Structures are given as structure tokens and as C-alpha cells.
Amino acid sequence: MNPAIPSSALRPDGAGGCLLDCHVQPGASRTALAGAYGERLKIALQAPPVEGRANRELCRFLSRRLGIPASKIEIIRGQTGRDKTIRCPGLTPEAAANLLEQQ
């Protein structure tokens with residue numbers, strides 16, 4: 001069973017895609033959705049937070065879950081922090097939520 005995605009974590013980006021607000025936990029035992037973190041979606045990442053490894057793992061994870069190429073997923077805020085805003089092109093917030101909730 002997947003954790004609930006906060007409704008405020010996903011919103012339209014104005015260009016036919018959506019923005020995802022997330023809080024990442026690098027260095028976790030495995031990469032997975034980890035539930036709500038306030039108004040953000042918490043994502044545990046197995047990769048450590050060094051040399052961009054956690055950001056690359058986040059993009060790969062979202063790519064697999066959302067079915068879009070990792071190269072199209074863009075971290076637009078929070079490159080070096082735990083709170084990030086991700087642009088996911090070509091998906092409405094509702095479609096992204098459905099895909100993230102599937103296992």
C-alpha cells in the first residue's frame with residue numbers, strides 16, 4: 001500500500017505539465033515514497049547526498065513511476081536542499097497522483 005499524496009504537493013505548471021513539491025530523505029535503506037511531510041510528498045532515496053547522486057536517483061525514481069524520461073524531469077527549486085520542486089512535463093496533477101499511487 002502506498003502512502004497518500006498530499007493534494008497540495010501537486011499543481012499545474014501552466015505549460016501542460018505539473019509541479020511536484022517533495023521532501024527527500026537521502027541515504028535511506030531503499031528508494032520509495034514515504035508519505036506526507038507537511039504539504040509535501042516525502043521520498044526516501046537510497047543514494048547519498050553527495051555529488052548530485054540523490055538528485056539523479058530522484059529523477060530516475062520519478063521517471064519509472066511517472067513513465068517519462070528522466071532527462072525531461074527538472075528540479076526547478078532545491079538543488080542542494082531536502083525540499084524540492086520538480087517539473088513533470090506532459091502530466092496533469094491528477095494523472096501524476098494516479099501514477100505515483102500505483103505500485
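Strand β2 (residues 18–26) and strand β6 (residues 83–88) pair in the antiparallel sense over six bridges, where strands are DSSP runs of E of at least two residues and helices are runs of H or I of at least four, both numbered from the N terminus. Pairing here requires that DSSP finds at least two bridges between two strands. Within this pair, His23 stands opposite Asp83 in β6. The model is a predicted one, in which local features need pLDDT of at least 70 and side-chain atom pairs count only at pLDDT 80 or more, while totals for chains, interfaces and linings use all residues. Residues are numbered from 1 along each chain as its sequence is written, and side-chain values use heavy atoms, with hydrogens and water left out.

With β4 (residues 40–45), β2 runs parallel, joined by five bridges, and Pro26 has Leu45 as its bridge partner in β4. With β1 (residues 10–12), β2 runs antiparallel over three bridges, and Pro12 stands opposite Cys18 in β2. Eight of the nine residues of β2 are buried, so this strand is largely enclosed by the rest of the structure; buried means under 20% relative accessible area, exposed over 50% and partly exposed in between, with a 1.4 Å probe and protein chains only.

The hairpins come next. The one formed by β1 and β2 has five residues between the strands, and there Gly14 takes a positive phi near 85°. Ala15 is also found in the loop between β1 and β2 and, at 67% relative accessibility, counts as exposed. The C-alpha atom of Ala15 is separated by 20 Å from that of Asn98, 83 residues apart along the chain. Strand β4 also pairs with β3 (residues 32–37), in the antiparallel sense and over five bridges. Lys42 in β4 is the bridge partner of Gly35. Two residues lie between the strands of the β3 and β4 hairpin, in which Gly38 has a positive phi near 65°.

Most residues other than glycine have a negative phi. Glu51, although not a glycine, has a positive phi of about 50°. Glu51 lies in the loop between β4 and α1, and its relative accessibility of 67% makes it count as exposed.

Turning to the helices, α1 (residues 53–66) and α2 (residues 93–101) pack with their axes 8 Å apart and at an angle of about 100°. The axes are lines fitted to C-alpha atoms, for helices over the stretch in contact, and the angles run from 0 to 180 degrees between N-to-C directions. The two helices are therefore roughly perpendicular to each other, a term for angles of 65 to 115 degrees, with those under 35 roughly parallel, those over 145 roughly antiparallel and the rest oblique. Leu62, Arg65 and Leu66 in α1 meet Ala96, Leu99, Leu100 and Glu101 in α2, contact being heavy atoms within 4.5 Å.

In α2, the residues Pro93, Ala96, Ala97 and Leu100 are buried. Seen down the axis of α2, these buried residues fall within an arc of 100°, so they line one face of the helix; the arc is that of the directions from the helix axis to the C-beta atoms. The cover over the buried residues of α2 includes β1, β2, β3, β4 and α1.
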